[in-house]
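Hi,

Here is the structure I promised to pass on. Have a look at it first, and my notes follow below.

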Amino acid sequence: MQITVKPLEEKYLAQVIEIWNEVVEEGVAFPQEEYLEMESGRTFFEAQTYVGAAVGTTEQNQEEVYGMYILHPNNIGRCGHISNASFAVRSSSRGLHIGELLVKDCLSQAKKAGFSLMQFNAVVDCNVHARHLYERLGFQELGSIPAGFRMKDGHYEDIHVYIRQLEEV
């Protein structure tokens, strides 16, 4: 199956919201606790610099979204050249290297949007697959924040801060 990363289109919105909400429900990666509905999701995604969707065609010749990402500034003004992103892969599609497709596309889109750095502020310690992927793709860990993330079950995990120059894309 061929999976490509495309800009978010209206026809993918419901699936992108479903994937986003699945990660929120799991409670181990995103800081958000509220679920997106169609209108709140549309508003949220329209506010991003870029939203990418990993899309493939099923055996029934239907387009399916397997993962998604959002790209936006990490800060404003004199720090506005630093981007930030969040990634989500449908749980049934994990292990298919979709995350790698998403991150690589995001790095390219960030550079096209004029950013020169990408920073991840809160990569949860137990998210080892993401951490290994980021490190393999050239991100450097700047440090960690002890007990920086409240897990769904109420315990706290450390979070890690990562950075990468975009000129290396």
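R42 sits in helix α2, which covers residues 38–46. Keep in mind that this is a predicted model. With a relative accessibility of 18%, R42 counts as buried, because the cut-off for buried is under 20%. The side chain of R42 makes a polar contact of 2.4 Å with the side chain of E10. Apart from neighbours within four places in sequence, the residues in contact with R42 are E10, L13, I17 and E37.

Now the aromatics. There are 12 aromatic pairs in the structure. One of them is W20 with F30: the ring centres are 4.2 Å apart and the planes meet at 40°, so this pair is tilted. W20 belongs to helix α1 (residues 13–26) and F30 to the loop between α1 and α2, so the pair ties together parts 10 residues apart in sequence. W20 and F30 are both buried.

F87 and F120 make an edge-to-face pair, with 5.8 Å from centre to centre and 85° between the planes. This pair links distant parts of the chain, as F87 is in strand β4 (residues 82–89) and F120 is in strand β5 (residues 117–124), 33 residues apart. F87 is buried at a relative accessible area of 15%, and F120 is buried too, at 4%.

Cheers

Notes: Residues are numbered from 1 along each chain as its sequence is written. This is a predicted model: local features need pLDDT of at least 70, side-chain atom pairs count only at pLDDT 80 or more; totals for chains, interfaces and linings use all residues. Side-chain values use heavy atoms; hydrogens and water are left out. Helices (H or I, at least four residues) and strands (E, at least two) are DSSP runs, numbered from the N terminus. Buried means under 20% relative accessible area, exposed over 50%, partly exposed in between (1.4 Å probe, protein chains only). A polar contact is a pair of N or O atoms within 3.5 Å; within protein, one must be able to donate a hydrogen and the other to accept it, and residues adjacent in sequence count only if both atoms are side-chain atoms. Contact means heavy atoms within 4.5 Å. Rings of Phe, Tyr and Trp (its six-membered ring) pair if their centres lie within 6.5 Å; planes under 30 degrees apart count as stacked, over 60 as edge-to-face and the rest as tilted.
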